[in-house]
Amino acid sequence: MDEKLRNKVKEAAREYYAEISCKREEMKYIPPSGKFLGEEELMNMIDATLDMWLTSGRFNKEFEEKFAGYLNVKYALTVNSGSSANLLAISALTSYKLKDRALKKGDEVITVAAGFPTTINPIFQNGLIPVFVDVDADSYNIDPNKIEEAISPKTKAIIVAHTLGNPFDLRRVKELSEKYNLWVIEDSCDALGGEYEGKKLGTIGDIGTFSFYPAHHLTMGEGGAVVTNNSELHKILLSFRDWGRDCICPPGADNICNKRFSRQFGKLPFGYDHKYTYSNIGYNLKITDWQAAIGVSQIDKLDKFIEIRTKNAKLLNEKLKPYDKWLMLPKIDKNVKASWFGFLISVRENAPFFKQELVQYLENNGIGTRQLFAGNILRQPMIVENDVNFRIGNSKIINSKELNEEYFRLLPDTEFIMNSAFWVGVYPKLKEKEITKIADTIIDFCKKEAKMLCR
């Protein structure tokens, strides 16, 4: 009877979805990103609703297993956002259980200033010192030739993102991590499905992080994940995600280890309930089963989504290539497979126009654009108006109140990207018609500027 009623509810929802989905209007504004949901996601959400389980449950278990399988990693843990994934990854590395390799307050973590703030925020939040290395303007990724000179005896980890789905030089980063015994966190929030030398991004470092925000390759609305092949790190990540507890029992399950009341922890009484024993100063970063239900459906479509993104990026590249004397297009290495989140364009210094003029023209003509997130994060109020310490390259540690133009000159390519780069969309709802309109509008602007130049 329950299944029959459940199917009646789903059938009514299916009819509703069919009615509203056929009324969607043609795009008048081409956004740079967005979600792509269908009937399957709605059906899974209704199933999760009718379960009334509320917190992480059967759909979350299924998604974690499917996600780990897709990436070919041992462990995948969902979290409530990609930002939380980065927080969890950095926080886990501070656990006393890692002994000599644990990050301690004042230790250094290498990163970049050209990116999203929540790649960097967990470094500050854990009392660590970020070390900002410049990027390479051609790839928009960390410059591998400048990493080693930034390493000091206090450097313990590297966290950098694969910028908008274009992989950074993992071979060089791994070589340096092994030479100096550094942890590597791959921020793959914008790069799900990309590959480096045949391996999925997020699986080559010690920990990989992902985001499932609506703009990303697959969505749960809000959501994210951390992955690892290291069993010790997996236990620590699980602990930090789930309140800091020592017990690995999932919600609704007890005494999986059969030692719930027979061990000694800290200075607690012998036999204190292991389910309420806490080994780390953690958080509650779990997702709901509604979110996981969407993800279970989305992951089945992921390869198709990435295929469309790749096709759209290729079309933009082909159409804009004749204008590369003024426009710098993304450069990718031969041994990688990019998984485009967006299509980055920089206006070269010799162009007869500025980025802002081109961006304004696109927006005025119904085409959405985005900056490369924070630009140079060291110029953001989050740094300038706060009292924080960091290093730039191989310089000494400085305080944010000491920042001046001299320090910004230590990151020339980061400054160039802030002033010259923007990106347009390639997400799956954009068909050849929309991609062609984006390219044609950029070309029209360039042609007008060329005519002005000839006068």
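Tutor: Gladly! Two strands pair if DSSP finds at least two bridges between them; strands (E, at least two residues) and helices (H or I, at least four) are DSSP runs, numbered from the N terminus. This is a predicted model, where local features need pLDDT of at least 70, side-chain atom pairs count only at pLDDT 80 or more, and totals for chains, interfaces and linings use all residues. Residues are numbered from 1 along each chain as its sequence is written, and side-chain values use heavy atoms, leaving out hydrogens and water.

Student: What makes β12 and β15 a pair?

Tutor: Strand β12 (residues 343–347) and β15 are joined over 4 bridges in the antiparallel sense, and the definition asks for at least two, so they pair. In β15, phenylalanine 422 is the bridge partner of isoleucine 345, and alanine 421 stands opposite serine 346.

Student: Why do β10 and β15 count as edges?

Tutor: The order is β10-β12-β15 in an open sheet. β10 (327–328) and β15 (421–424) each have a single partner strand, so one side of each lacks a neighbour in the sheet.

Student: How do you know that β10 and β12 pair?

Tutor: They share 2 bridges, antiparallel again, and at least two are required, so the label holds. Leucine 327 stands opposite valine 347 in β12.

Student: Why is β12 called mostly covered?

Tutor: Buried means under 20% relative accessible area (1.4 Å probe, protein chains only), with exposed over 50% and partly exposed in between. In β12, 5 of its 5 residues are buried. Phe343, Ile345 and Val347 point one way, Leu344 and Ser346 the other.
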